[in-house]
Amino acid sequence: MLIPKTLFYPLLIFVFSLVPFIGYSQEDYVCKQALSIAQQEQQHFVRKQNAFLRQTYIDSNINVVYARMEWRVDPAVLYIRGKVCLYFKVNKNTQNINIHLSDKLKIDTILQHSKVLSYTRSKDLIHIQLEKPLAANELDSISIQYQGTPTSSGFGSITTGSHKGVPIMWTLSEPYGASDWWPCNNNLSDKIDSIDVYITCPKAFTGVSNGLLIENVLINDSTRSTHFKHRYPITSYLVCMAVTNYVRFDTSIALGNKTLPFQTFCYPESELNFRKGSYAAIEAMQLFHQLFGEYPFINEKYGHTEFSWNGGEEHQTNSFVKNTSENLSAHELAHQWFGDKITCASWQDIWLNEGFATFLANLYMESKHPESTISYRKSEVAAVTATANGSVKVDDTSSVNRIFSGQLTYSKGSRLLYMLRLKLGNEAFLKGVQNYLKDSNLAYAYATTADLKRHLEATSKQSLDSFFRQWYEGEGYPSIHLRWVQTGNNSIALKIRQECSHNSVSFFDVAIPIVFKNAQKEQTVIINATAQNELIHVPIDFIADTALIDPEYLIISKNNSSQRLNTVDALVDQPNIVLFPNPTQRLLNIQVKNLNSNKLLVQCIDLQGRVLFEQTQTLFRGNDYFSISTSHLASGTYWLKFIDDKGNVNTLNFQKAP
């Protein structure tokens, strides 16, 4: 989904407002267009913020395997007449089932095998008594006929409007709005295996929905009917309908040895722009198909339907879009893999939909406009760090505004994927994501963040416990402070200290790209510091005079600093550990005072970062006095690294005398 412009990023919008449009370079324009991805899905919500809080989390206790929807509408009038036939299996032996439907809609009748069923209503839940008890997993069906003027929640649910004076009706049900206009399982636990949609409307208009267009016929002099068939599992909020005087045009996309139909329904006045703009979806489709596997609905189609909301919605096989801008087209297309094929199992995990779609759209925009890559990344990181708190994990799923937070769900979610790719390496990261998409337990079903984590750990052979605990559940970001010194022609010693913006994280697990350079050469190293002021040695084959922290804006950080020191001694901290004599010849004495620890791991390290020997020392109430032999060491400078039982690190250097 693409958020409409709002005041979510007031600072960025203010800055952009100071620059006339005519003054934008191509780089500025692409950057601004890309940033709107995280701004365009909230405006409509603000007016309807409190309308959706109903019983959407009460399980309907059935698994819907097929649905036949028949809707009769006139886009000039906000009114719907519907008949929905649901084929289902019950989860356990029962004679009673629950279906979600807005209490603003009147139920005409509920039938099972032509017999009228009894039911009661509790706000937006229909409690239906079946004709007879059903056994667990037994297949049966009911038909619900209903009508009324629906109310809208979230981003609109079902809405009427106009374009050039012509009426239009469209739906956008995410997150809780499906039951505003049709009876369904309005939750994230059941996908309908297969649907048929029949839309009847005045003959001047055309109805569109998911899947393949099977029939578009005039019933009589005044009425038209369209039939769409979709044979892939679909979650309720992705079922869609739009009706107006659409112009249809078809093209195709070459995907390996297959050709995918690409079908567009747009306003007559927009046809030229939609024809010109379709290239972006075609190019993005080919890129995503190559990187993330076969387009998930390859046996049907992909398409665009124009609607009047200032953004987009990733309806399965048929994205509703305001226009065909590159970023919008790429974002909604990306959802066909992330959000449609695999849907988040909880709105807490909505970043699996929106973070991925933002990330994939970024990949496409970077491939198309490499000159804008750095400026866009810089702007996105600035947006993420505009406030000091906030987790990617949604902490209030009753708030649509929080679920679709541009800063946290979209931009920060996207940056987590940038950082995971950097941390794991591109090959392991990509393979992990591909395996996640191919997982038979997740594909065309639902997933949690733990599912993604499991696949990334399997391909990278790395534990991601701390990463997800800090970056997904934790809040804030680090400010990274680097101190470094050249210890020879081929070595650099450095320490990193983090200041964290929120107390939920004391030290972020993040791979930090640092570029060391001089006038002729530069070298990028990836630093994986695990504790404050940990001594790290970096091999380098030239004398550097400058160190740049993350110059390509791949990680989330703010207010970083880099300090070059002249001597190794300047790196030394002042812990409660004393070394003497220093320099030494045969024996180095170590006195430890008042450490909040019971044990110390002591490592002797040379200037190339190699651990020469180590020993574990037990402390008595944080104090001890002991010695290590240095007689076997060559003369020169060495480090002693002290790691306590809480993971804190101190380092001191000493000189071995000839």
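Residues are numbered from 1 along each chain as its sequence is written, and side-chain values use heavy atoms, with hydrogens and water left out. Because the model is predicted, local features need pLDDT of at least 70 and side-chain atom pairs count only at pLDDT 80 or more, while totals for chains, interfaces and linings use all residues. Helices (H or I, at least four residues) and strands (E, at least two) are DSSP runs, numbered from the N terminus.

The description begins with an open sheet. Its 5 strands follow the order E16-E17-E18-E20-E19, and their pairing is mixed; two strands pair if DSSP finds at least two bridges between them. Strand E16 (247-255) and strand E19 (312-313) form the edges, and each has a single partner strand, so one side of each lacks a neighbour in the sheet. E16 runs antiparallel to strand E17 (residues 258-266), to which 9 bridges join it. Within this pair, Ala254 has Thr259 of E17 as its bridge partner.

Helix H4 (residues 271-292) packs on this sheet, where it touches E16, E17, strand E18 (302-306) and strand E20 (319-321). The direction of H4 makes about 25° with that of E16. Axes are lines fitted to C-alpha atoms, for helices over the stretch in contact, and angles run from 0 to 180 degrees between N-to-C directions.

H4 also packs against H6, at an angle of about 110° and with the axes 10 Å apart. That makes H4 roughly perpendicular to H6, a term for angles of 65 to 115 degrees; angles under 35 count as roughly parallel, over 145 as roughly antiparallel and the rest as oblique. Contact means heavy atoms within 4.5 Å. On the H4 side, the residues that meet H6 include Tyr279, Leu287 and Phe292, and those of H6 include Leu360, Tyr364 and Lys368. The residues of this contact comprise 11 nonpolar, 1 polar and 2 charged. Here Ala, Val, Leu, Ile, Met, Phe, Trp, Tyr, Cys and Pro count as nonpolar, Asp, Glu, Lys and Arg as charged, and the others, Gly among them, as polar.

Helix H5 (residues 326-334) packs with helix H6 (residues 351-368) as well, at about 135° and with axes 8 Å apart. H5 is therefore oblique to H6. Among the residues in contact are Ala330 and His331 of H5 and Ala357 and Met365 of H6. This contact divides into 7 nonpolar, 3 polar and 3 charged residues.
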